[in-house]
Amino acid sequence: METAMRLTDVRKRYGGVAALDGVDLEIRPGETVAVLGPNGAGKTTLLSVALGLVDPDAGTASLLGGSPAATVGTGRVGALLQDGGLIDDVRVDELVTAVAGMYPAPVPVHEVLTAAGLTEFATRRVHGLSGGQRQRVRFGLALAGDPRLLVLDEPTVGLDVESRRALWRRVRERAALGHTVIFSTHYLAEAADNAHRIVLLARGKVIADGDVARITSMVGDGEVRFRLDGADRQALNRLPGVHAVQVDGTAVTLTTGDPDATLRALFAAYDGVRGVRTAGADLETAFVRLTGGEL
Amino acid sequence: MGSLLRLEIARTFRNPVSMVFLIGFPLALYLLWTKVLPVSAGTGITDFAAYSMVSMATYGSLGGALFIGGAIALERTGGWLRQLAVTPLPGHGYVVAKLVAGMLGVLPSIVAVLAAGAALGGVRLAGTTWVVLVPLIWLGVLPFAALGVALGYSLAGQSANMAMIVVYFGLSVLGGLWVPVEALPDGLRAVAEYSPAYQAGSLGWRALDGLAPTGTAVAVLAGWTLLFCALAVWRYRRAL
């Protein structure tokens, strides 16, 4: 069976900086994959190479079994680009109509407008739209051709909470139909909630690639902070899920891959625990740890 | 590509700025030259109202053709071409739609100036001459569409527009569209003969006297068109 997207040892430098440093990636049809990484990790370059917008210095890219440019030309791909521009002096529905008309089997325009949440400002000119509204228009243009493969580069940038939810609902709908969706984000929660598979990218390299449960356990550390008199580092380190312990007087911080289990065991073992707070470790911190502080 | 072409044509005909710039400005100059300023004195041109009408129709449509590239520069800089690059639109689809819509947008400025010549300038010509003038002027400005595309793919945003204004005014003056070349110094006049704007104008000027385009005019215009097309194709390929 052909792959939806395949990158083989792709390298791309901009000036002295390696945006992509030997990326291998294979995505099967029907997968929903999040490319997760901090800013500057190479997410946009990766998607640009895959779409044929940027030629790699070395390595090869293919989409749906063909060259990226040729496959895009067949109308089986829809994409939302971070730096995709819109023309300002046309109405939203005119723009959607024009782009839908480029595809062999487009979605009816009114359905695109509904799906991307554009109905309320469909007859307005693009130049009067807010950043979030423009982003919804870009999403609409990506959906207009009813593509088998949807590529979204940080699709929720500039969107309010309600629009984000609506967008992910559409993405999951398409995934449920068996379409392939590949999106980039720097939010772990977005990746975990909407993808089946997460590809972790840092400094132009894939540093981890796997199903959501595996990657969230690697990245999604929580911190448990509390106060405890006479805390014993060794003993605390043996609590389930814990892989780091910091003790500063009576203040203790546990880094854990499974905060629920850690807390249950903590309360069972220690009566003197007080002032418990938990927090998710942020993605930047997790990446620093995973890449050995080389960010 | 049909859907993009439809959109581009709609944009062309409702853009108030270009309609004012490409119709209003040549019309105003036409009335200024023929009604207010004694520009005709010393040029030896007998029917200056008709001559100037052709000059201004050529001038307006030349601008329309050239500024196709201004829009290309702005849209290229704004990322619209990147957006189009992820649609099935073929690579040349955008520039073809721009050229076709832009060249259609040139027609109103030709018709408007000719209408002003008849209605306000007192120009009286044979019916066939009126009919022939429109396509002659329209064809004459084709090299400028190619030049505009070349500039549009070479320069970013506003600097492309600045360059085009310089080229627009420079070539129009050199080509005798503002003031007849007979009023230019001898040295410049010799150069003007080989400039695209002069030869574009010559198609219409000769038609006023019932004369066909000269071989020189056809050769000069074809030469510039080929040169600008080659430049446009080269810049277009580089910009992709």
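Three salt bridges turn up across the interface of chain A and chain B, which the rule counts as 3, a salt bridge being a side-chain nitrogen of Lys or Arg within 4 Å of a carboxyl oxygen of Asp or Glu. In one salt bridge, the side chain of B:Arg11 meets that of A:Asp89, at 2.8 Å from N to O. The model is a predicted one, so to speak of local features takes a pLDDT of at least 70 and side-chain atom pairs count only at pLDDT 80 or more, while totals for chains, interfaces and linings use all residues. Residues are numbered from 1 along each chain as its sequence is written, chains are lettered from A and ligands numbered from 1 in the order in which they are written, and side-chain values use heavy atoms, with hydrogens and water left out.

On the chain A side, α2 (68-73), β5 (77-80), α3 (92-100) and α5 (131-143) each supply at least two of the residues that touch chain B. Helix α3(A) gives the most, with 5 residues. Helices (H or I, at least four residues) and strands (E, at least two) are DSSP runs, numbered from the N terminus. The chain A side that touches chain B splits into 15 nonpolar, 7 polar and 6 charged residues; Ala, Val, Leu, Ile, Met, Phe, Trp, Tyr, Cys and Pro go down as nonpolar, Asp, Glu, Lys and Arg as charged, and the others, Gly among them, as polar.

In all, 28 residues of chain A are in contact (heavy atoms within 4.5 Å) with 17 residues of chain B. The two chains bury about 2,000 Å² between them, 60% of it on carbon and sulfur atoms, where buried area is the accessible area (1.4 Å probe) that two parts lose on being put together, summed over both.

Now to the sheets of chain A. Six strands, counted as 6, form an open, mixed sheet in the order β5-β6-β7-β3-β8-β9, with strands taken to pair if DSSP finds at least two bridges between them. At its edges are β5 and β9 of chain A, each pairing on one side only. Strands β3 (residues 32-36) and β8 (residues 197-202) of chain A run parallel over 4 bridges, and A:Val33 sits opposite A:Arg197 in β8(A). Helix α5(A) lies across β5 and β6 (149-153) of chain A, at about 170 degrees to β5(A); axes are lines fitted to C-alpha atoms, for helices over the stretch in contact, and angles run from 0 to 180 degrees between N-to-C directions.

The other open sheet has 4 strands of chain A, antiparallel, in the order β11-β12-β10-β13. Here β11 (242-248) and β13 (274-280) of chain A stand at the edges with a single partner strand each, so one side of each has no neighbour in the sheet.
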